[in-house]
Amino acid sequence: MFIFIYSIGASIYEHVQKNALINEFKSRTIETVTVEKYGDVYHYHKVKRVHEYELNDTRSVFYDSAKDYPGQKGDVLLTFESPFPHMYLFDKALLFWTGGHAAIVLENNKIFQSTGNISGNFSFFMIFDTIMHKGYSDGNGLTAQIVSNYWLAPYRNATDVAYPYYGKYYRNEIIAVRPKYQDLKNDYEAIKEYSNERVDKALYNYLFIVDTKYKYYCTDLVSRAFEYINSVNGTDYNLNKDGVVTTVYDLLLNDDVYITIYKETINNEIHIYYLEDL
């Protein structure tokens, strides 16, 4: 009971911190451009860079000039919304305690992720088989994948179970963060090594806090990528300060990253706040 009550208090505090970070980011808007594309109204809000870490890394925060693909290599994509909006209580629990998904942006508009819910390849038998598997995948189960970046552009069709909730886009709310890299070139090389060793091999971890040697849930995959950088380059990144279950809150509310893009949907219109190009 104590742990349960504590977790509620901690989650409320994290939610307040999250909103404060986002509101501070949005408050620096210096210009707004409205366009229509994909049958929707987009409001692009340019955000002024003011902090030293924002001025030190002057790369664009998008892959493309049309601003359809968030992130450059080494950035991290986050959403607090779950892939189960049709399961009301489960969806709200994930939103409140852990958040929905996370991925690392790689070169050439690719992302590295671990997901336990891929459409057309999801069953309780598969979950059981994955849990019982001792190590890296031998062709069974859901593994870490490198896929094209789908986080902002139109993504789903009307047959998808989440379509009534998120429409053709991945999620209504998305956050991109950029780690404060100590040596971008060498640190990103470590991320590439980490992803190449695990893609199509590292199984999804449905048990979260146990059976972690070869298995990863989405946020865990991200935080342990930075542990790998530490082991290779002698850095001191820490994206999971409590050292237990890595949540989306952990990946956002730490001193080693900062917000570069925030997307929200209001009254069926899309608002994208992004750090200005320098």
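The side chains of Glu-24 and Arg-28 meet in a salt bridge, with 2.9 Å from N to O; the term stands for a side-chain nitrogen of Lys or Arg within 4 Å of a carboxyl oxygen of Asp or Glu. Side chains of opposite charge can pair when their charged atoms come close. Glu-24 counts as partly exposed because its relative accessibility is 32%, whereas Arg-28 is buried because its relative accessible area is 11%. On this scale, buried means under 20% relative accessible area, exposed means over 50%, and partly exposed is in between, with a 1.4 Å probe and protein chains only. The model is predicted, so local features need pLDDT of at least 70 and side-chain atom pairs count only at pLDDT 80 or more, while totals for chains, interfaces and linings use all residues. Residues are numbered from 1 along each chain as its sequence is written, and side-chain values use heavy atoms, with hydrogens and water left out.

A search of the whole structure gives 16 salt bridges. One of them pairs the side chains of Lys-18 and Glu-173 at 3.1 Å, N to O. Lys-18 belongs to helix 1 and Glu-173 to the loop between helix 5 (163-166) and strand 7 (174-179), so this pair ties together parts that are 155 residues apart in sequence. Helices (H or I, at least four residues) and strands (E, at least two) are DSSP runs, numbered from the N terminus. Both Lys-18 and Glu-173 are buried.

Another salt bridge joins the side chains of Asp-75 and Arg-178, at 2.8 Å from N to O. Here too, distant parts of the chain are linked: Asp-75 sits in the loop between helix 2 and strand 3 (76-79), and Arg-178 sits in strand 7, 103 residues apart. Asp-75 and Arg-178 are both buried. Through salt bridges that share partners, Asp-57, Arg-59, Asp-75 and Arg-178 form one network.

The next topic is empty space. Rolling a probe the size of a water molecule over the atoms shows where such space is left. The second largest pocket has a volume of about 280 Å³. Of the 17 residues in its lining, Leu-21, Tyr-53, Val-257, Tyr-258 and Ile-259 are the closest to the centre of the pocket. A pocket, found on a 1 Å grid over the protein atoms alone, is an open set of points where a 1.4 Å probe fits, with protein on both sides within 12 Å along at least five of seven lines; lining residues have an atom within 4 Å of a point. Grid points are joined across faces, edges and corners, and the volume is the space filled by probe spheres set on the points.

Which elements each supply at least two residues of this lining? They are helix 1 (2-26), helix 2 (52-56) and strand 10 (257-266). Helix 1 gives the most, with four residues. By type, the lining residues of the second largest pocket divide into nine nonpolar, three polar and five charged. In this count Ala, Val, Leu, Ile, Met, Phe, Trp, Tyr, Cys and Pro are nonpolar, Asp, Glu, Lys and Arg are charged, and the others, Gly among them, are polar.

Several individual residues also deserve a look. Asn-205 is in the loop between strand 8 (203-204) and strand 9 (215-216), and it counts as buried because its relative accessibility is 1%. A polar atom of the Asn-205 side chain lies 2.9 Å from the backbone nitrogen of Leu-207. Not counting residues up to four places away in sequence, Asn-205 touches Val-210, Asp-211, Thr-212, Lys-215, Tyr-216 and Tyr-217, where contact means heavy atoms within 4.5 Å.

Tyr-188, in helix 6 (residues 184-198), is buried at 2% relative accessibility. Leaving aside neighbours within four places in sequence, Tyr-188 is in contact with Lys-73, Gly-74, Val-105, Leu-106 and Glu-107.

Most residues other than glycine have a negative phi. Asn-108, however, has a positive phi of about 60° although it is not a glycine, and Asn-109 also has a positive phi of about 60°. Is Asn-108 buried or exposed? With 60% relative accessibility, Asn-108 counts as exposed, whereas Asn-109, at 11%, counts as buried.

Methods
A polar contact is a pair of N or O atoms within 3.5 Å; within protein, one must be able to donate a hydrogen and the other to accept it, and residues adjacent in sequence count only if both atoms are side-chain atoms.
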